[in-house]
Amino acid sequence: MTTLTGAVTQETARFIVETTHDDLPAELRAESLRCIVDGLGVMLAGAPEECTQIVHRYVGSLGVSGAARAPGFAVSYPAEFAALASGVSGHAHDFDDTQLASTPDRVYGLLTHPTVPALSAALAVGQETGATGKDLVRAFSVGLEVECKLAEAVNPQHYQRGFHSTGTFGVFASAAATASLLGLDHQTTRTALSIAGSKSAGLRVNFGTMTKPYHSGAAAQNGVVAAKLASLGYSADPSGLDGPWGFFAVAGGGVDEEYVLGRLGRPWALLDPGVSVKPYPCGSLLHPAMDALRGLLIEHDVDPARIREVRLGTASNVLNALRYAEPENALQGKFSIQFMLGVLALRRRAGIAEFRDEVVRDPEVRAMMARVKPYLDGEIEARGFERIRSRVEVELDDGAVLEREAAVSRGTPEWPMTREDLAEKFTDCAAGVLAASAIPAAIETAWGVEGLGSVGELLDAVCG
C-alpha cells in the first residue's frame, strides 16, 4: 500500500469534474434510477422515526430556511440541513442498499451503504441550484462511484478497527455530488475532497443507536459544506487524501491506489460488482441467512411451535458485527442474529412492523430468540469475505433437520429485485407518510426523474 504519489485526490477530482450525463452508459443510468427509487423509499420510511424527528427539531430550533426539502417533509432548509435530514431518515431503518466487494480481501458488508449519502446531497443541492433531473442523475452517479471506489481502496483495517465506512466515505460521495452540481473546477474540487477528508467520521461503537443513521446524515451534510466552502475560496491541501498525513494513511493505514487510478467509471461500481438492495430493514450481513431460513419455513410449512433450534454457522465478519445477543430495543435488534432469525422463525416476516421496540421485548419473540444458536464455521471462514456465507439448520421437535447454505439474498445482482418488487418495497416504506393515492404517482415520478425540468418536481411528489 502506498499514499505517496498524491494521485488519488487528483484523479478523483478529475473524474468528478469531467463526467457529464452523456458519459453515463444506459445500463448505469438504469441502475442509478433503481437506487434513486429505493433511496427515496427508505427516506420516506425513516421520516417518522424518532432519530429523524429529533434532527428536524434541532434544525428547526436554528431558525434557518432555504430552498431544499427532505422527502416526507414540507419544510424547506438550506441544502446542508436538508441533506442532514435526508441522510438520517434514509439510514434510520438500516433499509438502504449495501456496497458489494470485488475481491476476497475486501469484506462484503463492511464497506458502505452507498446510495443515501450521495442521494441526500444531490437532492438538496439540486433543489438549491435549480438542477434538472438529468443533473441529479449525473451528480448521484458520480458521487456513488467515488464513494464505492475510495471505500474499497482503503486498507480493510479501516472498518475492522471500528470506523463506519458509510460515515467516513459517504462524505466523499456528498462532496463529489455537490461539486458536480456546483460545476466546480479541478483545483476547487481537489480542495473540496481535502476538506471532506478532515470532516470524515463515524464509529461502529454506535451501531444499534440513533448515531448510526446520524453517520449517514452527517456525511451528507459535511460533504455539502466541504464543497461549498471550497467554492468560496476556502483553502486545504490539494492532495488531502494522499501522503503520510493524508486521509488514507491516517484513517486506514494506506490505500491500494490501483483500486482508484484508471478505475473510476472503468467499470462503474454500480455495474460491477453492483450493489445489494435490502429485502429487510436490518444489518445486511444476515440477509442471505434470513432468506434461506424464510425459504425453508415456507417450503416445509414449519409450525413455529415445532422448532427446537435454529443454528447459524457463519464467518467472523458476520458474528462480530451482529453483536447484540439480547437486544433491548429495535435499533439493537437490527444487529442481533438472535432477533432477526427469531422473529423470522416466528412470523415468517421481518419487515418494518417487526423492527419495533415492543416486538423485540415480546415474550414470545424472546422465547424463540433463545432457540437461535450462532457459531463460527471454520470452513466458511476459510473461504474469504467477499460474500456473506452461512449455513442455516432448523431442528424440529421430532429430530428432523432442515438445512440450507446461503451466499446471496434477494436484491443482490445475482437475485435482483424486479421493478414490481421495488414498487412493493417503496409502498411499504411510504405507507403513513404519503397518502395511499399519492404513492403510485411518486413511484412513477422517481422512475422518470431524467425527464424532469427540476429536482423540485421530484420533491413535490415525495414530500406529501
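User: Let's start with one residue. Is glutamate 11 buried or exposed?

Analyst: Buried means under 20% relative accessible area. Glutamate 11 has 19%, so it counts as buried. Keep in mind that this is a predicted model.

User: Where does glutamate 11 lie, and which residues does it touch?

Analyst: You'll find glutamate 11 in helix α1, which covers residues 7-18. If you skip residues up to four places away in sequence, glutamate 11 touches Val260, Leu261, Gly262 and Leu264. There's also a polar contact of 3.0 Å between the side chains of glutamate 11 and arginine 14.

User: What about valine 17, is it buried or partly exposed?

Analyst: Partly exposed, because its relative accessibility is 34%. Valine 17 is in helix α1 too. Setting aside neighbours within four places in sequence, valine 17 contacts Leu184, Asp185, His186 and Thr189. Now look at glutamine 187: along the chain it is 170 residues apart from valine 17, yet their C-alpha atoms are separated by 9.7 Å.

User: How do I read a helix that has a buried side? Which residues of α3 are buried?

Analyst: The general idea first: an α-helix has 3.6 residues a turn, so residues three or four places apart point the same way. In α3, the buried residues are Cys51, Thr52, Val55, His56 and Val59. They all sit on the same side of α3, because the arc they cover around the axis is only 135°. On the face turned away from that buried side you'll see the exposed residues Arg57 and Ser61.

User: What covers the buried residues of α3?

Analyst: The cover includes α2 (26-46), α4 (79-91) and α10 (211-231). As for its length, α3 runs over residues 50-61 and reaches 16 Å from its first C-alpha to its last, close to the 16 Å expected for its 12 residues. After α3 comes glycine 63, with a positive phi near 70°.

User: How many residues of α4 are buried?

Analyst: 12 of the 13 residues, so α4 is largely enclosed by the rest of the structure. Among the buried ones are Phe81, Leu84, Val88 and His91. Their cover includes α2, α3, α5 (115-129) and α10. The end C-alpha atoms of α4 are 18 Å apart, in agreement with the 18 Å that its 13 residues should span.

User: Now the sheet. What is the order of its strands?

Analyst: Here's the general idea: strands of a sheet pair through backbone hydrogen bonds, either parallel or antiparallel. This sheet is open, with four strands in the order β4-β3-β5-β6 and mixed pairing. At the edges are β4 (372-376) and β6 (401-406), each pairing on one side only. From one strand to the next, the twist averages 15°.

User: In which sense do β3 and β4 pair?

Analyst: Parallel, over five bridges, with β3 covering residues 307-314. For landmarks, threonine 314 stands opposite leucine 376 in β4, and arginine 311 has lysine 373 of β4 as its bridge partner. With β5 the sense is antiparallel, and seven bridges join that strand to β3. There, valine 310 stands opposite valine 394 in β5. Six of the eight residues of β3 are buried, so the strand is largely enclosed by the rest of the structure.

User: Which strands does helix α15 lie across?

Analyst: Helix α15 (residues 337-347) lies across β3 and β4, at about 135° to β4.

Terms used
Residues are numbered from 1 along each chain as its sequence is written. This is a predicted model: local features need pLDDT of at least 70, side-chain atom pairs count only at pLDDT 80 or more; totals for chains, interfaces and linings use all residues. Side-chain values use heavy atoms; hydrogens and water are left out. Two strands pair if DSSP finds at least two bridges between them. Helices (H or I, at least four residues) and strands (E, at least two) are DSSP runs, numbered from the N terminus. Axes are lines fitted to C-alpha atoms, for helices over the stretch in contact, and angles run from 0 to 180 degrees between N-to-C directions. Contact means heavy atoms within 4.5 Å. Buried means under 20% relative accessible area, exposed over 50%, partly exposed in between (1.4 Å probe, protein chains only). A polar contact is a pair of N or O atoms within 3.5 Å; within protein, one must be able to donate a hydrogen and the other to accept it, and residues adjacent in sequence count only if both atoms are side-chain atoms. The expected span of a helix is 1.5 Å times one less than its number of residues. The arc is that of the directions from the helix axis to the C-beta atoms.
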